[in-house]
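Visitor: Before we discuss any assignment, please show me the model, and then tell me for each label which value it rests on.

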Amino acid sequence: MDGIKYAVFTDKSIRLLGKNQYTSNVESGSTRTEIKHWVELFFGVKVIAMNSHQLPPKGRRMGPIMTHYRRMIITLQPGYSIPPLRKKRT
């Protein structure tokens with residue numbers, strides 16, 4: 001799973017979970033087909049739609065810093081879900 005960086009948990013992404021849509025950041029060089037294949041293979045789900053957008057650059061004092069990832073919203077077929085990702089507590 002080289003293309004998927006991590007799951008995103010914002011107010012909007014938590015609201016989208018009710019519509020069976022999951023949000024994650026992926027590397028800019030990854031294609032939609034690769035991401036869809038990775039998600040279906042790794043989680044054993046069926047993806048029906050994918051939307052992506054490039055995040056705006058972060059403004060800095062010496063000029064903007066470009067992000068090397070984009071945000072992907074993945075819609076799953078009804079009846080499928082991705083288990084929550086939890087950190088292992090020690």
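Guide: Let us begin with proline 57, which is partly exposed, with a relative accessible area of 40%.

Visitor: Why is proline 57 called partly exposed?

Guide: Buried means under 20% relative accessible area and exposed means over 50%, with partly exposed in between (1.4 Å probe, protein chains only); the relative accessible area of proline 57 is 40%, so the residue is partly exposed. The C-alpha atoms of proline 57 and histidine 68, eleven residues apart along the chain, are separated by 9.7 Å.

Visitor: What kind of model is this, and how are its residues numbered?

Guide: This is a predicted model, in which local features need pLDDT of at least 70 and side-chain atom pairs count only at pLDDT 80 or more, whereas totals for chains, interfaces and linings use all residues. Residues are numbered from 1 along each chain as its sequence is written, and side-chain values use heavy atoms, with hydrogens and water left out.

Visitor: What makes asparagine 20 count as buried?

Guide: Its relative accessibility is 15%, so asparagine 20 counts as buried, although its place is in the loop between helix H1 (11–16) and S2. The side chain of asparagine 20 reaches the backbone oxygen of glutamine 77 at 3.2 Å and the backbone oxygen of tyrosine 80 at 3.1 Å.

Visitor: How do you know that asparagine 20 touches Pro78 and Gly79?

Guide: Contact means heavy atoms within 4.5 Å, and on that basis asparagine 20 touches Ile74, Thr75, Leu76, Gln77, Pro78, Gly79, Tyr80 and Ser81, not counting residues up to four places away in sequence.

Visitor: Is serine 30 buried or exposed?

Guide: With 7% relative accessibility, serine 30 counts as buried. This serine is found in the loop between S2 and H2, and, its neighbours within four places in sequence aside, serine 30 is in contact with Gly3, Ile35, Trp38 and Arg70.

Visitor: What makes the largest nonpolar core a core, and which residues belong to it?

Guide: A nonpolar core is a set of buried Ala, Val, Leu, Ile, Met, Phe, Trp, Tyr and Cys residues joined through side-chain atoms within 4.5 Å. The largest one has twelve residues: Ile4, Tyr22, Val26, Ile35, Val39, Val45, Val47, Met50, Met72, Ile74, Leu76 and Ile82. Two or more of them come from each of strand S2 (21–27), helix H2 (32–43), strand S3 (47–54) and strand S4 (69–76), and S4 gives the most, with three. Methionine 50 touches, among others, Ile35, Met72 and Ile74.

Visitor: Why do S1 and S3 stand at the edges of the sheet?

Guide: The open sheet of four strands has the order S1-S2-S4-S3, with antiparallel pairing. Strand S1 (4–7) and S3 each have a single partner strand, so one side of each is left without a neighbour in the sheet.

Visitor: How do you know that S1 and S2 pair?

Guide: Two strands pair if DSSP finds at least two bridges between them, and S1 and S2 are joined in the antiparallel sense over three bridges. In S2, valine 26 is the bridge partner of isoleucine 4.

How values were computed. A polar contact is a pair of N or O atoms within 3.5 Å; within protein, one must be able to donate a hydrogen and the other to accept it, and residues adjacent in sequence count only if both atoms are side-chain atoms.
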